[in-house]
Amino acid sequence: MDLSMTSVLAAKAYKYKAESLVKEYLLADSCVSYTAVLGGILMCKMAYDITSLISSLYYKGYGSLTKTQKLEWNNRGMSTVHAVFITFMSVYLVFFSNLFSDQLGGPVTFRSSNISNFTLGVSVGYFITDMAMIFWAYPSLGGMEYVLHHMLSLISIAYAMYSGEGQLYTYMVLISETTTPGINLRWFLDTAGMKKSKAYLVNGVAMFVAWLVARIILFVYLFYHIYFHYDQVKQMHTFSCILVFAVPTILLVMNTMWFAKILRGLKKTLAKRQ
């Protein structure tokens, strides 16, 4: 009986120490960002392994894929998980939370919270992991345009997270990740030999619409917002201003080029259907 009571007390003591460690260190204001980055990397590892496990159980063709194809297959599953997470959080923080509301006092360009910092940290962890995989398997997972995209994204997100400046515009850009699941689904269907299926066509149309809204129209709105809040934007540090103007501009150019390719591909697909 005494041994049992001692074990219970010891277990409670360990539980208390663990909770104290989490509250005082991992979730402390100064450590939230670092915890989130580590969490983002672990999330990528879990998503990669779960994609591999589920695919091997429910898709018979997975076993016949080459080593490089399996790597990209699992990588795309990982990027889809991140895209769903960051799109949901970005839309919530930009449009539904009061964090960046004009009704609050103070410049919108200096607003941040533990939730916004944590979300950016998870995204930093993802881009670190994905870029490491791109370099490791280069150029199987993407060429220099992917490296440039990831470098710009990583620098912008990490700086916004640690400085607390320009997070609104960072989240506006991150909403563009809503197109990633459609892009990955297109690749999955193509790899599975379903390029002539109805699902491939429907996904192509949906991807066209999503790209137009999230990567073209939303970026135009971003510059519109910057223009009408320029007095607040110019209060940021010089490097923040450079990122706010340069990164969305470069990404908009890249998005427009990719959008032209999507449009040409959709036209070809519709022409073949007719």
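UniProt positions are given here in the numbering used for this chain, feature names are shortened, and annotations may be inferred rather than shown by experiment. The unreviewed UniProt entry places "transmembrane region" at residues 80-100, 120-139, 146-162, 201-224 and 236-260. This is a predicted model: local features need pLDDT of at least 70, side-chain atom pairs count only at pLDDT 80 or more, and totals for chains, interfaces and linings use all residues. Residues are numbered from 1 along each chain as its sequence is written, and side-chain values use heavy atoms, without hydrogens or water.

Take two of those spans. Residues 201-224 are 100% helix and 0% strand, with end C-alpha atoms 33 Å apart. Residues 236-260 are 92% helix and 0% strand, and their end C-alpha atoms lie 34 Å apart. Helices are DSSP runs (H or I, at least four residues), numbered from the N terminus.

Now turn to α6 (167-174). Eight of its eight residues are buried, meaning under 20% relative accessible area with a 1.4 Å probe, protein chains only. They pack against α3 (67-96), α4 (114-136), α5, α8 (198-228), α9 (230-233) and α10. Contact here means heavy atoms within 4.5 Å.

What volume does the largest cavity hold? About 260 Å³. A cavity is a set of points on a 1 Å grid over the protein atoms alone where a 1.4 Å probe fits but cannot get out; lining residues have an atom within 4 Å of a point. Of the 23 lining residues, S156, Y169, T170, V173 and V247 are closest to the centre. The largest share of the lining, seven residues, comes from α10.

How values were computed. On a 1 Å grid over the protein atoms alone, a cavity is a set of points where a 1.4 Å probe fits but cannot get out, and a pocket is an open set with protein on both sides within 12 Å along at least five of seven lines; lining residues have an atom within 4 Å of a point. Grid points are joined across faces, edges and corners, and a volume is the space filled by probe spheres set on the points. Helices (H or I, at least four residues) and strands (E, at least two) are DSSP runs, numbered from the N terminus. Buried means under 20% relative accessible area, exposed over 50%, partly exposed in between (1.4 Å probe, protein chains only).
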